Amino acid sequence: MSEATSINLYSPSGSLVHDKDGSTITLQTSDKKEISVKSKLIVDCTGHETKLVLKDSRVKSIPPGFQIAYGALVTVDETDVVDKTQIGPYDKEAMTLFDYRTDHFKDESSLQKAENAPTFMYAMPLKDNKIFFEETSLVARPGVSVQECKDRCFTRLEHLGIKVVDIEEEEFCYIPMGGPLPAKDQRVIAFGGSSAMVHPSTGYNLCRNMMGAGAVANAIVEGLKNENVNLDVVAGKAYGAMWSPSNIRQRNFAVFGGEFLMKQKVD
């Protein structure tokens, strides 16, 4: 495209058509203009809730869990702070992950709720009295709400004596984890979240994506070299490179890990 513009998927009936020479998809710009694009193959990186990719219904799969988090880059009031090497209990020279303490919950109902659906604080000091705090539900089904994470975040900070004077930026995190894999006999090649590549018990996906990208790209390149190319076969080989039997076994174990974590109380 010759001009920079915001593109969103546009998915009414008939917006995606496949033939032996490629695929034609209708896209929509931010100002509601439609653009028709023809391509040899489509690699869908639109995320877990894609509208382009069919899931594999032949294999019984466990519904996804959800990682939910609220984060805030804040400025802390240090007027009355004696030890400026700390922000509350957090060392300014270190990052803190998995602070699962629950001593900031004073009433029984809030404590019981937090014990059954745990969240942890992630603290990343940046410079002077600026720090990024994030309250995270690692994995839950149904997901803990972003508002619940936000409320727990500021309840914790108040309990720790950390006085926030300015919120520079907020982060609202929603990560589906697990769920069904894509069907391997479709022309659209799912990748990343749309191919359920997010780790089902951690929410991480960068390493898996980087590991898979080369194998998938090579499968596509090699397939397109064939003079009498069959694009359905190429898409199938891309899925085979992405979700080999060993990768599926590894993921199944990670799904088990996510299910195990969802049964654990905060202790």
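# Notebook: looking around a predicted model

**M121.** I started with M121, which lies in strand β10, residues 120-127. Residues are numbered from 1 along each chain as its sequence is written, and side-chain values use heavy atoms, with hydrogens and water left out.

Is M121 buried or exposed? M121 counts as buried because its relative accessibility is 0%. The cut-offs I used: buried means under 20% relative accessible area, exposed over 50%, and partly exposed in between (1.4 Å probe, protein chains only).

Then I listed what M121 touches, leaving out residues up to four places away in sequence: Y90, T96, L97, F98, D99, F133, E134, E135, C153, R156 and L157. A contact here means heavy atoms within 4.5 Å. I also checked M121 against F154: they are 33 residues apart in sequence, and their C-alpha atoms are 10 Å apart in space.

I moved on to M124, whose place is in strand β10. M124 is partly exposed, with a relative accessible area of 24%. Not counting residues up to four places away in sequence, M124 touches M95, I131 and F132.

**F98.** F98 came up in the list for M121, so I looked it up because I wanted its accessibility: at 42%, F98 counts as partly exposed. F98 sits in strand β9, residues 96-99. Its phi is positive, about 65°, although F98 is not a glycine.

**A196.** Here I found another positive phi, about 55°, and A196 is not a glycine either. A196 is in the loop between β13 (189-190) and α3. With 4% relative accessibility, A196 counts as buried.

**R152.** Next I went to helix α2, where R152 is found. Buried or exposed? R152 counts as buried, at 3% relative accessibility. Which residues does R152 touch, not counting those up to four places away in sequence? I noted H104, F105, K113, A114, A117, P118, T119 and E135.

Two of these got a second look. The side chain of R152 makes a polar contact with the side chain of T119, at 3.1 Å. A polar atom of the R152 side chain also lies 2.8 Å from the backbone oxygen of A117. For the record, a polar contact is a pair of N or O atoms within 3.5 Å; within protein, one must be able to donate a hydrogen and the other to accept it, and residues adjacent in sequence count only if both atoms are side-chain atoms. I also checked R152 against M262, 110 residues apart in sequence, and got 19 Å from C-alpha to C-alpha.

**P142.** In the loop between β11 (130-140) and α2 (146-159) I found P142. The peptide bond from R141 to P142 is cis, with omega near 0°.

**S23.** S23 is in strand β3, residues 22-29. S23 is buried, with a relative accessible area of 1%. Its side chain makes a polar contact with the side chain of H18, at 2.7 Å. Residues that S23 touches, beyond four places away in sequence, include V17, V37, K38 and R187.

**Helices α3 and α4.** How do α3 and α4 cross? The axes of α3 (residues 206-224) and α4 (residues 231-242) come within 8 Å and cross at roughly 155°. Axes are lines fitted to C-alpha atoms, for helices over the stretch in contact, and angles run from 0 to 180 degrees between N-to-C directions. The two helices are therefore roughly antiparallel to each other; angles over 145 degrees count as roughly antiparallel, under 35 as roughly parallel, 65 to 115 as roughly perpendicular and the rest as oblique.

On the α3 side I noted A215, V216, A219, I220, G223 and L224, which meet L231, V234, K237, A238, A241 and M242 in α4.

**Whole chain.** Last, I zoomed out: the protein chain has 5 helices and 13 strands. Of its 267 residues, 42% count as buried.

Note on methods:
Predicted model: local features only at pLDDT ≥ 70, side-chain atom pairs only at ≥ 80, totals over all residues. Helix = DSSP H or I, 4+ residues; strand = E, 2+ residues; numbered from the N terminus.
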